[in-house]
Amino acid sequence: MAGRAGVPAAVLFDRDGTLIADVPYNGDPAKVVPMPGALAAVERLRAAGVRTAVVSNQGAVARGWLTAAQVDAVNRRVDELLGPLGPWCWCPHDTGDGCDCRKPAPGLVIRAAAALGLAPAACVVVGDGAADMGAARAAGARALLVPTAATTPAAHTAAGAVAADLSAAVDLILAGAVSSSGLSRPGPARPWPA
């Protein structure tokens with residue numbers, strides 16, 4: 001199905017709050033819990049020939065709260081639970097470090113797309129926050145928001161599309177319904193869900 005008009009070649013997932021429950025500054029693989037429907041969603045993408053990768057901010061490394069080895073151990077556990085997700089691209093920097101990879105900067109999206117041999121425009125970034133949506137837009141990828149209780153109205157404004165959960169997100173992706181229009185400018189305001 002990938003390659004059909006509108007269907008992306010790849011989906012770049014945010015990790016915390018999107019693929020797995022957001023446990024702040026988690027360095028313990030035993031605390032990894034997939035989000036509801038995550039395994040089924042990833043399996044549907046694989047079955048349709050849509051590749052995956054992960055793009056994740058891990059600023060706790062710069063703050064000294066986690067080591068790179070702990071982040072890698074958590075990432076390996078996610079792969080064990082959901083199957084291999086493809087390239088893992090994560091930013092170890094803090095907000096004020098001035099890197100080009102910490103979302104909403106485009107670096108992680110660009111790096112993940114390149115690791116898959118793709119242009120960012122061939123990808124959809126799926127995440128739960130404004131930084132995910134901003135990184136997608138900055139890189140020229142499509143942006144699909146799957147909100148959680150922590151998602152801000154700004155994330156809704158920046159999203160190219162919004163889905164209630166990962167299953168609905170995959171429905172939109174496989175239907176080619178995540179628009180790439182308006183990537184270079186802020187999107188229209190979207191109502192905050194009730």
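Contact, in my notes, means heavy atoms within 4.5 Å. This is a predicted model, so I keep in mind that local features need pLDDT of at least 70, side-chain atom pairs count only at pLDDT 80 or more, and totals for chains, interfaces and linings use all residues. Residues are numbered from 1 along each chain as its sequence is written, and side-chain values use heavy atoms, with hydrogens and water left out.

**Entry: Ala169**

I began with Ala169 and its surroundings. Ala169 sits in helix H6; helices (H or I, at least four residues) and strands (E, at least two) are DSSP runs, numbered from the N terminus. Leaving aside residues up to four places away in sequence, I find Ala169 touching Leu144, Val146 and Ala163. Ala169 is buried, at a relative accessible area of 1% (buried is under 20%, exposed over 50%, partly exposed in between, with a 1.4 Å probe and protein chains only). I also looked up a C-alpha distance: Ala169 and Leu145 are 24 residues apart along the chain, and their C-alpha atoms are separated by 8.1 Å.

**Entry: the sheet**

Next I traced the strands. Six of them, in the order E3-E2-E1-E4-E5-E6, form an open sheet with parallel pairing. E3 (88–91) and E6 (161–162) stand at the edges with a single partner strand each, so one side of each has no neighbour in the sheet. For pairing, DSSP has to find at least two bridges between two strands.

I checked two pairs. E4 (residues 123–127) and E5 (residues 142–145) run parallel over 4 bridges, and Gly127 is opposite Leu145 in E5. E1 (residues 10–13) pairs with E2 in the parallel sense, over 4 bridges, and here Ala10 faces Arg51 in E2.

How much of strand E2 (residues 51–57) is buried? I get 6 of the 7 residues, so E2 is largely enclosed by the rest of the structure.

**Entry: H1 against H6**

Back to helix H6. Helix H1 (residues 38–47) packs on H6 (residues 166–174) at about 15 degrees, with the axes 8 Å apart. Axes are lines fitted to C-alpha atoms, for helices over the stretch in contact, and angles run from 0 to 180 degrees between N-to-C directions. That makes the two helices roughly parallel (under 35 degrees; over 145 is roughly antiparallel, 65 to 115 roughly perpendicular, the rest oblique).

Who makes the contact? H1 brings Ala38, Ala41, Arg44 and Leu45, while H6 brings Leu166, Ser167, Val170, Asp171, Ile173 and Leu174.
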